[in-house]
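My notes follow in the order I checked things.

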Amino acid sequence: MEKKLLKNLRINWLYNCVNPGYLFLLGFLLSIFSLCIFAAHQKIQHSIGFLIIVYLFSLIIIKYEKKLVVTTLTVVIIFLGLSVKAKSYSTCDLHNDILIYPDQINIKDGFASGEGKIGKNKILISMPANKELELALKRNQILYLSNISAEVKPLDPPTNFGQFDYRNYYRSKNIYERLSLKNYQLRIKQANFFDYLHVFRNQLKNYFAKLPRIVSFMISEMILAENPDSKNKIILDNYRNLGVIHLLSISGLHVGLYTVFISTICTLLKRDEYETLFICTTFLIAEIFLADFQAGFVRASLGYFLGKVFALGNIPLAKGDRLGLVTIIHLGIKPTLFLNCGAILSYLLVLGLEIIGEKNPLKQGFFLNLLTTPILLNNFYQFNIFTIIFNLMIVPVFNFCLLPLTFLGAISYKFLPAVTYFIEKIFTLIMNGINMVAQTKFGMIIFGKITWWQTIFLLIISSSLIIFYHNKKIRNRLCLALGIGYCSIFFSIHFPLQGQVSIIDVGQGDSILITTPLRRKAYLIDTGGKVNFGKKKSEPQFNRITLPYLNAQGIDHLDGVFLSHQDADHIGDLGPLLEQVAVKKLYFAQGLNENPSFIKRIKGKVNHTKLIPLIAGNVVKEEGIDLHTVHPFKPGTGKNEDSLSLWFRLGGKSWLFTGDLDQAGEQRLWQHFPLQVDYFKLGHHGSKTSSNPEFLHNINPKLVFISAGRNNRFGHPHQETLETLQTLKIPYYTTQDSGTITWTYSPFTQKNKFSTFNQGPLHGTN
């Protein structure tokens, strides 16, 4: 019996792949089921059918041991139960106090935000920070918020294709609601042992915050698994663009470095293996908490602990089965584990290392890229073909220079700050070098977002290729299948059979994407942008919304950008766009190029972009589309009344975009160009000052669109405008409840249709 158990625990990846280890199979199945639950979260249709297919495939694999079917079903049922429990959430009871820890709350510009706990539920909270709260958090006190006056809201979903899904991210942390507190009272909680861990973590955060910026970033990533400053986002972007983001907190690579260092010290102090294991395990448990249970760190720590326990117990557990056991334990602790992209990448990386068994770093890097690329394309829409080279160059620098210097710099700051600042200079040189290479985008391919079906298909083929690499016949077939798979997906994204007009949800602003089919041409009308009140500035919306939207469709350049007028909510993000996306031609109304504000926006950013002023009567003839300028009739300075207005036909339908043109301008436009249009975007975000009822009656649109921010301070769209639409019986979509509004057309089928990202209703159809 014992021998049979040990036999079932063994595994041989390269030469006996049809009989993989029992624990590995269970971990694999649970991971697949978890990904299916992830697919359900992402609203993928037929996910149940996909689950059945995968399960039948798994039964074929394990048919050599029929009793595993019953065991597997049992484990799956348990896991599904855990998943249901993980997703169960009761609405917050505001009669209960909110528990907050100092390390989970940040204060900026008199406003506090972060995570809290009310009853058994974790929540996001935001509130005005009074002096009492600031002082209590500085003293590292654990607090209760009582007598709460707050608004409870579910977490907002993304509203645009390609946009980061914060709701799903927080679901992985079992957070489903956010509270906006208006009034509260503070009460200090009597701290217990667990609370003191939070206090210690906050003390570390405060200490790290005092360090020079790059040293602070590195030590915070290594110890706390978080970025302490939004200014460091460029470092993360550079690491991601070069394909070495796993060197930070995702892969858990530094767990091995920690344990090697501690083990070396224990050996010098003549500690035995059991004492060394106890010391390392204690350290890793503490670090898991400090790293806020970051998936890569937990996975690596569990792997270390199980490996040592089985080795000391002389139990011959293969590495593949150890990984399966780690997966089972980790999913048991956190059923929502694989809702997090970082967790998926972390497990894929270690799985790749286990099944590759290849010592050649070039081959190893190639195989790892095969495994991780589908996940990267699904989440980040791009990859670098020279990632292997960048890893070979940067990994040694990171392991033997950056990492030890990071800890030296953090420790020496207390006693010899000069050493820390010297290390900061070294880091600055290294980071500037990495930044210089990353900014060239050398080897970067904007592939586009692939679906979860395509992701799973590419993963299966890639993993099979690695496993059967030594079988030349199978390897050649798998290489062919993988090549066909990637090429067909790439061409379907970059040479689409449909064109589109999309009103992108950029909040209180305008940005419209127009593309043509097959030899795709891409044009943007306005860039959107946030109006900043006061001195406070935030990250450009272009980086969070429009750039991911373009990249998700595989668009790495724009053939033309049309600017309606100077307002920040229309062209405020022009600078960030020109910095990150190649633009062939920049069109604008005559006179705007004399505007000092506009000149400042484009200065030094249009060296390879052709600037073209337009006036009424001009026609921009582009491949697949002719755009007619119907306003302004004389040069202006870029005010609302000078708005560049465009009319064009696409897929047999006519469109009109007028920016923030006022009612008088609309009347002049109609007098010179008595147009009939199918689709019209309402002027000035649905303001009562436009569009004019007579103008709407004259152009007689079948459908109109309103691009306005949720809960905007201007009250757009105004009730008068909505009543006008109702009177004229004109249906409308609004980005406020629909997210991005997309019209697609096909020149082959002559069919066209509207879709909205958030399935918002078509108003005015009753």
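Which residue in E6 does Lys153 stand opposite? I looked it up, and Lys153 stands opposite Arg178 in E6.

**Ground rules.** I am working from a predicted model, where local features need pLDDT of at least 70, side-chain atom pairs count only at pLDDT 80 or more, and totals for chains, interfaces and linings use all residues. Residues are numbered from 1 along each chain as its sequence is written, and side-chain values use heavy atoms, with hydrogens and water left out.

Two strands count as paired if DSSP finds at least two bridges between them. Strand E5 (residues 143-154) also pairs with strand E1 (residues 98-100), again in the antiparallel sense, over three bridges. There Ile100 stands opposite Leu143 in E5.

I then checked His95, which sits in the loop between helix H4 (67-87) and E1. His95 counts as exposed at 74% relative accessibility; the cut-offs are buried under 20% relative accessible area, exposed over 50% and partly exposed in between, with a 1.4 Å probe and protein chains only. His95 and Ser149 are 54 residues apart along the chain, and their C-alpha atoms are separated by 9.7 Å.

**The eight-stranded sheet.** I traced an open sheet of eight strands in the order E16-E15-E13-E11-E10-E9-E24-E25, with mixed pairing. Strand E16 (610-614) and strand E25 (752-756) are at the edges with a single partner strand each, so one side of each has no neighbour in the sheet. The twist from one strand to the next averages 15°; axes are lines fitted to C-alpha atoms, for helices over the stretch in contact, and angles run from 0 to 180 degrees between N-to-C directions. Inside this sheet, strand E9 (residues 499-503) and strand E10 (residues 512-515) run antiparallel, joined by four bridges. Ser502 has Leu513 in E10 as its bridge partner.

At the other end I looked at E24 and E25, which pair antiparallel over five bridges. Trp743 has Phe754 in E25 as its bridge partner. E24 and E25 make a hairpin with six residues between them. Gln750 counts as exposed, at 62% relative accessibility.

**The seven-stranded sheet.** Next I followed an open, mixed sheet of seven strands in the order E17-E18-E19-E20-E21-E22-E23. The edge strands are E17 (619-622) and E23 (732-734), each pairing on one side only. Neighbouring strands are turned by 20° against each other on average, direction ignored. Helix H24 (residues 663-672) packs on this sheet, touching strand E18 (625-631), strand E19 (645-650) and E21, and its direction makes about 120° with that of E18; contact means heavy atoms within 4.5 Å. For a parallel example I picked strand E21 (residues 679-681) and strand E22 (residues 703-706), with three bridges. Lys681 has Phe705 in E22 as its bridge partner.

I found two cis peptide bonds to note here. One joins His631 and Pro632, with omega about 10°, and Pro632 lies in the loop between E18 and E19. The other runs from His716 to Pro717, with omega near -5°, and Pro717 is in the loop between E22 and helix H26 (719-727).

**Helical loops.** Ala225 is in the loop between helix H8 (213-224) and helix H9 (233-242). Its phi is positive, about 55°, although Ala225 is not a glycine. At 23% relative accessibility, Ala225 counts as partly exposed.

Last stop was Leu269, in the loop between helix H10 (253-268) and helix H11 (273-290). Leu269 is exposed at 54% relative accessible area. Together with Phe261, Ile265 and Leu268, Leu269 forms a nonpolar surface patch with about 450 Å² of accessible area. Areas come from the Shrake-Rupley method with a 1.4 Å probe, and for residues only the protein chains shown count as cover. Patch residues have over 30% relative accessible area and no salt bridge, with like charges joined within 9 Å and nonpolar side chains (Val, Leu, Ile, Met, Phe, Trp, Tyr) within 5 Å. A salt bridge is a side-chain nitrogen of Lys or Arg within 4 Å of a carboxyl oxygen of Asp or Glu.

Methods: Helix = DSSP H or I, 4+ residues; strand = E, 2+ residues; numbered from the N terminus.
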